[in-house]
Amino acid sequence: MSNLTIILMLKERQEYNYRFINHFLENNINYKLIISDGSKKKVESNILKLIKKEQNITYIKYPEDRSYELFYKKISNSLKLVKTKYVFFASNDDFIIYKNIN
């Protein structure tokens, strides 16, 4: 198991979710991924199917990020779920270069 958890902070921009998840699945070396969703709607069903198949991915739907208070609470709650030594925050439009993380 890796010493790294990636926290993906979602806020709308649904068009990037599928790309990020696929990139993670294709390049992942046992990193944990916590998806903290503060969007109005849940992610699309095809993405939820991908997520449910993966034991290293945890998806949490939080209330919509309508204020800084809710956003910071989402961050705090997400960090409480991390069991690894290191954490990396990501956005769904990021392309992580996994070999550089190591």
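Modeller: Happy to, and the setting comes first: buried residues (under 20% relative accessible area, with exposed meaning over 50% and partly exposed in between, using a 1.4 Å probe and protein chains only) make up 39% of the 102 residues in the protein chain. Please keep in mind that this is a predicted model, where local features need pLDDT of at least 70, side-chain atom pairs count only at pLDDT 80 or more, and totals for chains, interfaces and linings use all residues. Residues are numbered from 1 along each chain as its sequence is written, and side-chain values use heavy atoms, with hydrogens and water left out.

Now to the pairs. Taking a salt bridge as a side-chain nitrogen of Lys or Arg within 4 Å of a carboxyl oxygen of Asp or Glu, the count is 2. One of them joins E64 to K11, at 3.9 Å from N to O. This pair ties distant parts of the chain together, 53 residues apart: E64 sits in the loop between strand 3 (57-61) and helix 3 (68-80), while K11 sits in the loop between strand 1 (4-10) and helix 1 (17-27). Those elements are DSSP runs numbered from the N terminus, with helices being H or I of at least four residues and strands E of at least two. E64 is partly exposed at 22% relative accessibility, and K11 is also partly exposed, at 35%.

In the other bridge, the side chains of K74 and D65 meet at 2.7 Å, N to O. Here K74 is buried, with a relative accessible area of 2%, and D65 is buried as well, at 10%.
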